Each structure stands twice: as structure tokens, then as C-alpha cells.
Amino acid sequence: KNKKLIAAVVFLIGWMTGAPLAYAATSGPNNPGTLAGSTSACSNGGGSWSNATNGQTSNDSYATFGGNFFDNNEVSDALALSNFGFSLPNGSTIDGVLVEIEGYSPDGAGTGEISLAQLTKTAGAGVGSDLETGANPMNGTDPNSYPDSYGDSTNLWGTTWTEAEVEASGFGVVLCFMANGNNHDISVDHVRITVYYTPPSL
């Protein structure tokens with residue numbers, strides 16, 4: 001509602017001055033409303049995410065994957081996060097998307113890494129570019145911050161976005177992780193998304 005109010009104020013200023021106005025804006029960071037394990041983006045040799053919904057907020061309760069089945073170079077089931085609840089002014093142009101991850105490898109720094117980070121238009125099904133183009137070793141302790149991030153204010157992740165698509169329940173991200181050693185674990189405390197956009201010129 002506040003975003004739409006700002007757009008209305010800008011429209012009024014433009015109407016009073018006779019000058020078209022546009023401004024860059026952000027929405028978020030927003031939390032996911034839906035979190036689940038998914039096999040659509042990654043394949044693994046067994047196992048699944050435990051307590052996936054713990055990744056909804058930063059509260060030291062973790063979505064976890066791993067154990068005695070998660071061994072060297074194996075890739076996790078995907079963690080699919082969607083339903084971020086964005087609401088933008090009508091007619092906005094999407095400029096970029098930022099994903100931030102608070103997570104770690106309990107067995108020690110570098111024992112796990114992020115192996116895929118891809119946005120979704122349909123929950124769990126990656127589209128566009130995977131922005132994890134190489135190994136990204138994770139911290140060995142909970143950072144209580146967001147050391148892993150992908151995208152920025154001008155990065156569209158190799159695809160196009162409409163206002164309706166980022167507002168839809170299927171908009172989100174899929175993440176996959178890889179073990180660097182045997183019997184390792186991944187813990188994810190929180191994942192959040194910020195959308196950068198430009199409202200229509202007024």
C-alpha cells in the first residue's frame with residue numbers, strides 16, 4: 001500500500017509541474033511464504049530437507065540437509081522458496097533482483113557449498129541463469145548475516161520479468177548445495193529477496 005501511495009504522490013507532483021517523473025525504487029527484502037524440498041532443479045542420491053519452513057525467517061532455527069548419506073561431490077535436493085508477497089505499483093518495470101542467504105556448513109568452513117542459485121516463475125522450476133557459476137564454500141558457523149548473495153539492482157538473472165510475475169506466488173528461488181567430504185550437513189537459517197523496479201513515468 002505504501003508503494004502505491006508513493007506512486008500516487010509522484011503522479012500528483014508530475015501533474016502539477018507538467019513534467020514526467022520516474023524514480024528507482026525497491027521492494028523488500030521479503031520473506032518466503034512457502035518453502036519445500038524439490039527434485040526439479042537438482043538430483044541427489046537420497047535424503048531430503050528437514051524443517052524446510054525454518055528458512056522463512058532469521059531466528060537460529062534451521063532448514064537442514066545432510067547426514068550419513070550426503071557425501072563428497074553429491075548435490076542436495078533443491079530448496080525451493082516462493083510466495084514472497086511482493087506488491088508493486090501498476091505498470092512498474094523490473095530492474096533487478098537480489099537474493100540473500102543466511103546459512104552455513106556445521107561440519108566446518110568449506111565442507112559445503114552453494115552449487116545452484118536460480119529464480120523461479122513457477123515454484124521449484126528454475127528459469128533464466130544460474131548465478132552460481134563456480135564453487136561458493138559456506139561459512140563453518142552461523143554468520144548471523146547474509147554472506148552469500150546473488151544478483152543486484154540491475155541483474156535480471158538472464159530472463160525478463162513483469163510486475164505480475166514477481167507478484168505471483170510462484171516467484172522465488174531454488175538453491176542447491178554440494179558436500180565437500182563425507183557425511184556432511186547444510187543449515188539454512190533464512191533466505192530473502194529484494195526487487196528493484198522503476199514505476200511508470202508520470
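Start by selecting Asn-144, in the loop between β8 (136-137) and β9 (148-151). Bear in mind that this is a predicted model. Asn-144 is not a glycine, yet its phi is positive, about 50°. Its relative accessibility is 55%, so it counts as exposed, the cut-off being over 50%.

Next, go to Asn-51. This residue sits in the loop between β2 (34-38) and β3 (63-66). Asn-51 is exposed, with a relative accessible area of 52%.

Now select Gly-28 and Pro-29. The peptide bond joining them is cis, with omega about 10°. Pro-29 belongs to strand β1, which covers residues 25-30.

Move on to Ser-187. Look for it in strand β11, residues 185-198. Is Ser-187 buried or exposed? Ser-187 has a relative accessible area of 6%, so it is buried; the limit is under 20%. Show its contacts, leaving aside neighbours within four places in sequence. They include Tyr-62, Ala-63 and Thr-64. Gly-103, Tyr-104, Pro-106 and Met-138 are also in contact with Ser-187.

Finally, zoom out and colour by secondary structure. The protein chain holds two helices and eleven strands. Trace it along the sequence and the pattern reads α-β-β-β-β-β-β-β-β-β-α-β-β. Of the 202 residues, 43% are buried. Among contacts with a separation of 6 or more, 82% link residues 24 or more positions apart.

Key: Residues are numbered from 1 along each chain as its sequence is written. This is a predicted model: local features need pLDDT of at least 70, side-chain atom pairs count only at pLDDT 80 or more; totals for chains, interfaces and linings use all residues. Side-chain values use heavy atoms; hydrogens and water are left out. Helices (H or I, at least four residues) and strands (E, at least two) are DSSP runs, numbered from the N terminus. Buried means under 20% relative accessible area, exposed over 50%, partly exposed in between (1.4 Å probe, protein chains only). Contact means heavy atoms within 4.5 Å.
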